[in-house]
Amino acid sequence: MQRMNRTAFLRNSLAVIAAIALAGSAFAYFDESYAQASNEADDPRLDVIYVPTPHEVVKRMLEIAKVGPDDIHYDLGSGDGRIVISAVKDFNAKKGVGIDLDPQRIKEAKANLEKAGVGDRVTFLNRNIFETDFSEASVISLYLLSTLNLKLRPTLLDMKPGTRIVTQSFAMDDWQPDHKETVEFDATGYKGTRTVYLFVVPAKVGGKWTMNAGERVIALDLSQTFQHIKGTATVDGKSAAIKDGKLNGASIEFTMEIDGKPVKYEGAVEDNSIKGNNWTAKKAS
Ligand SMILES: C[S@@+](CC[C@H](N)C(=O)[O-])C[C@H]1O[C@@H](n2cnc3c(N)ncnc32)[C@H](O)[C@@H]1O
C-alpha cells in the first residue's frame, strides 16, 4: 500500500473504531479493527498503534495486579505513560518503567510525568520492547495484540515465579488467565467495556520429585501446563493420581489419596525444593 493510502486507511480505521466505541457495542470487532489498523500503521517500526487505556480501566488493571510498595512495574508499549505514572502515584509502586518505540509517546509521557510530580521513581525509555531487558519487573502491563502477547510469552514465563502480568483486550492464547473481568468505562465522551486478564508466572515444577511426608517417602511425577499440574504419586508401592494440582506463582497445591482418603498438600516452591507445613520435596530430575 502506498504511504498516502496507508495514512488514509489508518485514519478511516480509527474513525471506524471511534464510531464503534461511541456506539458502545461490537467490541470484538473493535479489537479486530484495532489489530488491522496496527498492521497498516504508518510507522513500520511500530508493532501496534497507539490507543490509550481509559483511566477507569488503568485503575482496575493495577488493582487486579495488586500493585504496592514492593513492586517494580513495567508497561510494555507505554503510550502517554498513564499506567506507569498511576502505578507509582496512586499505588505507591517503588519504581515504574515505561518502554515505547515512538519518540512522540515518550515526549508525551515525560510531560505527563512532570505534571504528576512523582520524581525519579518513573523512567521512560524510547526502545523496542523486544530488545529491552525487563526481567526486574514484578508487575507488567500490556495493551498490545494477541500476536505480540504470544511473542512475549516465552520471556514472560521465564520471569520470577509470582510476577503478575495484567493485559487488557488481548489474552495469552492457551495460557489461561488466573483472573478475568469486564471493566466498564465512561471516559471523556464515550462509554464501553474492556476485558482485563491477570496471569501469574508459575514456578516450574514438571518432573520427578522425592517427597518426605512424615514417615513416608513418596515419589512424585508431575507434568505441568502453565499453572495446572497433574501426575502420579507412588505411595507405599501403589500409584495414586495427583488431583486438583495448581500453582499460584511459587505457591503449589495438590491432592492425592493416602490410606484411601484424599489429602491436600500446600507448599512453596523454591528452585528445586518445595516446603510445606508437614512435608518437603526435592527435585529428582
Ligand atoms: C495500544 S498502545 C498502549 C499504550 C499504553 N500502554 C496504554 O495502555 O495506554 C501500544 C503502544 O505500543 C507502542 N509500540 C508499538 N510497537 C512497539 C515496540 N515494538 N516496542 C515498544 N513500543 C511499541 C506504540 O507506540 C503504542 O504507544
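Buried here means under 20% relative accessible area. Keep that cut-off at hand for this tour of salt bridges in a predicted model. The count comes to 15 salt bridges.

**Stop 1: D102 and R105.** Select both side chains. They meet in a salt bridge, 3.6 Å from N to O. Are these two residues buried or exposed? Both D102 and R105 are buried.

**Stop 2: D71 and R164.** Select D71, then R164. The two form a salt bridge, with the closest N and O atoms 2.8 Å apart. This pair links distant parts of the chain, 93 residues apart. D71 sits in the loop between α3 (55-64) and β1 (72-76). R164 belongs to strand β5, residues 164-168. D71 has 6% relative accessibility, so D71 counts as buried. R164 counts as buried too, because its relative accessibility is 17%.

**Stop 3: R153 and D174.** Move to R153 in helix α6, residues 146-157. Its salt-bridge partner is D174, and the closest N and O atoms are 2.7 Å apart. D174 lies in the loop between β5 and β6 (179-187). R153 is buried, with a relative accessible area of 14%. D174 is partly exposed, at 44%.

**Stop 4: a network.** Now select K59, R60, E63 and E181 together. What joins these four residues? Salt bridges that share partners make them one network.

Note on methods: Residues are numbered from 1 along each chain as its sequence is written. This is a predicted model: local features need pLDDT of at least 70, side-chain atom pairs count only at pLDDT 80 or more; totals for chains, interfaces and linings use all residues. Side-chain values use heavy atoms; hydrogens and water are left out. A salt bridge is a side-chain nitrogen of Lys or Arg within 4 Å of a carboxyl oxygen of Asp or Glu. Helices (H or I, at least four residues) and strands (E, at least two) are DSSP runs, numbered from the N terminus. Buried means under 20% relative accessible area, exposed over 50%, partly exposed in between (1.4 Å probe, protein chains only).
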